[in-house]
Amino acid sequence: MPDTALHHALAEDLLAAYVSGEPIPPLIETHPGLTVADAYAVQLEQVRHWEADGGVVRGHKVGLSSEAARRQIGVDEPDFGHLLDTMFYAEGEPIPTARFLQPRIEPEIAFVLRKPLRGPGVTAEQAADAVDHLLPALELVDSRIRDWKISIVDTVADNASSGAVVLGSTPVPLDAIDLTGAPCSLHLNDEVIETGDSSAVMGSPLNSLVWIANKLGEMGTALQPGHVILSGSITRVSPVAPGDRVTCTIDGLGAVSAVFS
């Protein structure tokens with residue numbers, strides 16, 4: 001099967017999993033020759049499908065932003081996915097868990113851009129200059145791959161295991177927080193379940209923004225004004241269930257909560 005036909009077929013399989021609620025076997029098992037480049041092509045096939053249905057790309061997420069996560073999956077750089085407008089929930093708006101297959105939650109720092117950022121060659125100073133403000137964020141990650149049995153090819157093809165996003169409501173300037181060590185706690189139903197600090201995200205979440213600007217630039221794409229960039233999880237991910245309330249608190253950024261129905 002030609003590459004383009006295969007990419008389209010695999011994208012259709014993943015899209016069907018969203019509808020059926022049934023995860024599919026790992027792509028790397030059914031198609032062991034798949035490369036990361038193939039996986040990004042499959043991801044883009046799905047993005048084009050969502051856009052054709054009226055969806056709008058509102059930003060990107062960086063995955064595998066911690067050294068431990070990359071080591072676990074056997075890669076030496078992060079990956080990325082697209083954030084569509086349909087993935088965003090307002091704080092306090094009930095998130096229907098039935099919409100997802102295998103949901104897990106993680107706390108993140110979100111960058112909101114005020115001007116375009118195009119790589120390659122973007123520096124930390126240029127990335128910082130492009131930031132309008134920061135927000136605390138909760139990302140609901142999900143997998144259309146059975147039992148979360150993912151390789152790098154599987155998660156990239158599956159839009160970096162994206163699910164949903166909840167952003168905090170109070171913007172904070174970039175220079176108001178120490179991104180190299182901002183403490184973070186994750187509460188599940190008023191109990192602290194995870195703690196960490198922002199250095200877990202590539203030493204600083206700003207490095208995550210630099211990485212994705214340059215990675216997308218290699219592919220001919222630029223980050224746009226108003227785009228939201230999720231920089232990566234500060235702590236380990238945690239499963240969520242109907243009735244759960246999850247709150248992320250980050251020193252200097254405040255808190256954001258998500259409620260699951």
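1. Just after α3, G54 has a positive phi, about 105 degrees. Keep in mind that this is a predicted model.

2. Look next at the length of α3. The helix runs over residues 36–52. Its 17 residues, at 1.5 Å a residue, should span 24 Å.

3. Which residues of α3 are buried? They are D38, A39, Y40, V42, Q43, Q46, V47 and W50. These buried residues pack against α1, β1 (57–63), β2 and α6 (152–157). Two of the names, Y40 and W50, return below.

4. The structure holds two aromatic pairs. Take Y18 and W50: their ring centres are 5.7 Å apart. The planes stand at 85 degrees, so this pair is edge-to-face. The cut-off for that label is over 60 degrees.

5. Where do these two partners sit? Y18 is in helix α1 (residues 3–20), and W50 is in helix α3. They are 32 residues apart in sequence, so the pair ties together separate parts of the chain.

6. W50 is buried, at 17%. Buried means under 20%, so W50 falls within that class.

7. Now the pair of Y40 and F80. This pair is stacked. The rings lie 4.6 Å centre to centre, with 20 degrees between the planes. Stacked requires planes under 30 degrees apart.

8. The Y40 and F80 pair also links distant parts of the chain. Y40 belongs to helix α3, while F80 belongs to strand β2 (residues 79–84). Y40 is buried, with a relative accessible area of 7%. F80 is buried too, with a value of 2%.

9. A charged side chain also meets a ring. R58 lies over the face of F88. The distance is 3.9 Å from the ring centre.

10. Last, a loop residue. T235 lies between β9 (228–230) and β10 (238–239). Is T235 buried or exposed? Its relative accessibility is 10%, so T235 counts as buried.

11. What does T235 touch? Leaving out residues up to four places away in sequence, its contacts are P107, C184, L186, E194, T195 and G196.

Definitions and conventions
Residues numbered from 1 in each chain as written. Predicted model: local features only at pLDDT ≥ 70, side-chain atom pairs only at ≥ 80, totals over all residues. Heavy atoms only, no water. Phe/Tyr/Trp six-rings, centres within 6.5 Å; stacked < 30°, edge-to-face > 60°. Helix = DSSP H or I, 4+ residues; strand = E, 2+ residues; numbered from the N terminus. Buried < 20%, exposed > 50% of the residue type's maximum accessible area, 1.4 Å probe, protein only. Lys NZ or Arg CZ within 6 Å of the ring centre and 35° of its normal. Expected span 1.5 Å × (residues − 1). Contact = heavy atoms within 4.5 Å.
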